[in-house]
Amino acid sequence: YVYVYVYVYVYVYFGNVAVQNRTTAIPFNNYVQVNHASVLGAGSGVIPDGVDDLSDKEGVVGGLLSSLPASAEEWNQHRLSKEEVESYWKNGYLSNVECLSEEECDMLMKDLTALSDPVHLHPGRCLFHEVHQNQSGDDSAVLFHALGQWRITPAFHDLIYHPAITTKVAQLLLKSREIAPVRFWHDQLFAKPPHHGGCVAWHQDYSYWTRTKPMQHITVHIALEDQTRNNGGLSYIPASHTWTRNGGPLPLLDCNFGDMEGIKTILNGEERAAFKVVSANLKKGEAAFHHPLSVHGSYANNSEYWRRAAVVNYFADGVMSDTDEPLLQGIQAIPKGVQLDGKFFPLVYSPSQHSIPPPSS
């Protein structure tokens, strides 16, 4: 490492959104790391000239996919077996599911690199609902985290419609095992640099999502490169999707993910005894599908390699807003009790259109 000590304050305005980059002790090792750069609620509703909001585009746009399957038989090639579905409901997650090709991962990785560059700011960053250059605020535990990349690049836009993902989501959303119509909720990016990548504390996703109901959600975590526990890969606590408090999720403790083991302070004796960590060890292009109450997290990246991933979250058609506040930064509020739909929550899978029966094996 060669270290250059410099203090730089740069303000870049997208509409009325300010981006502050403060650079200290920058290590140059084939990348530039700028800490403390963060935009909360990047979506200001003001879009500069020349920037296209891809949420205006319905269906694939040719960034990652040229088209969607044309027949039920083609859709069926992507469905899970009955055993895989039952494993999901037993453990609260299903991991190491092949979804993307190496070429598709490389396309997405190229976009992630451009979107996360804190020096040459991507003009589409104004479309993020949130972007945190380092959500931890700790130079020794850097975590890039953003929401809304599907609005910015064609490849990430097409990812939310990918049949290798949506077909499986339709099978897993409802405990009844019925095939569900699927709507997109929101997406995320995570990047941990080598040697000093931050953790993502143990949590349940629905703790962040109680502004929507009923709880018919699912998370799909896609590895854009190989993951291990040492490089901060995804881990789970099996069967933790049964852990609730007063009929709801566990309390939300840390919005910045920094206290890895904080959740243990609110677990009961039975839950602490069952707290057995399983590392998913996802390979490039593999995905993990998990229940909204499944306790999951990822340790710090102490390896010499990056750990980058894309996450796509979905819910069953019919889920409603449970707040009169905006569900995501930069979009109009949907009144409490009204079903979520429209351009920000597109229907990405319809059983009536794709005619996929429940798997028999």
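How many bridges join strand S13 (residues 234–236) and S14, and in which sense do the two strands pair? The legends below start with that pair, and they all describe a predicted model.

**View 1. Strands S13 and S14 in their open sheet.** S13 and S14 run antiparallel to each other, with two bridges between them. Zoom in on tyrosine 236 and you'll find its bridge partner across in S14: valine 278. The pair belongs to an open sheet of four strands, ordered S10-S16-S13-S14 and paired antiparallel. The edges are taken by S10 and strand S14 (278–279); each has a single partner strand, so one side of each has no neighbour in the sheet. As a reminder, strands of a sheet pair through backbone hydrogen bonds, either parallel or antiparallel.

**View 2. Strand S15, wrapped up on both faces.** Here we look at strand S15 (residues 286–290), where five of the five residues are buried. In a regular strand the side chains alternate between the two faces of the sheet. On one side of S15 sit Glu286, Ala288 and His290, on the other Ala287 and Phe289, and all of them are buried.

**View 3. The partners of S15.** Strand S6 (residues 93–98) pairs with S15 in the antiparallel sense, over four bridges. Leucine 94 is the residue to look for, standing opposite phenylalanine 289 of S15. S12 pairs with S15 too, antiparallel and over four bridges. In that pairing, threonine 219 stands opposite histidine 290.

View 4. Several strands give two or more residues to the lining, among them strand S7 (130–132), strand S9 (182–192), strand S12 (217–223) and strand S17 (307–316). S10 and strand S16 (296–298) are also on that list, and both turn up in the open sheet of View 1.

View 5. Threonine 153 sits in the loop between strand S8 (144–147) and helix H4 (154–159). With a relative accessibility of 5%, threonine 153 is buried, because the cut-off is under 20%. Leaving aside residues up to four places away in sequence, threonine 153 touches Leu54, Asp111 and Leu115.

View 6. A disulfide is a covalent bond between the sulfur atoms of two cysteines. There are zero of them in this structure. Take cysteine 99: the nearest cysteine sulfur belongs to cysteine 105 and is 9.6 Å away. A disulfide needs sulfur atoms within 2.5 Å, so cysteine 99 is in none. Cysteine 99 is buried, at 9% relative accessibility. Cysteine 199 counts as buried as well, with a relative accessible area of 16%.

**View 7. Stepping back to the whole chain.** The chain has seven helices and 19 strands. Of its 361 residues, 54% are buried. Among contacts with a separation of 6 or more, 78% are between residues 24 or more positions apart.

Key:
Residues are numbered from 1 along each chain as its sequence is written. This is a predicted model: local features need pLDDT of at least 70, side-chain atom pairs count only at pLDDT 80 or more; totals for chains, interfaces and linings use all residues. Side-chain values use heavy atoms; hydrogens and water are left out. Buried means under 20% relative accessible area, exposed over 50%, partly exposed in between (1.4 Å probe, protein chains only). Contact means heavy atoms within 4.5 Å. Two strands pair if DSSP finds at least two bridges between them.
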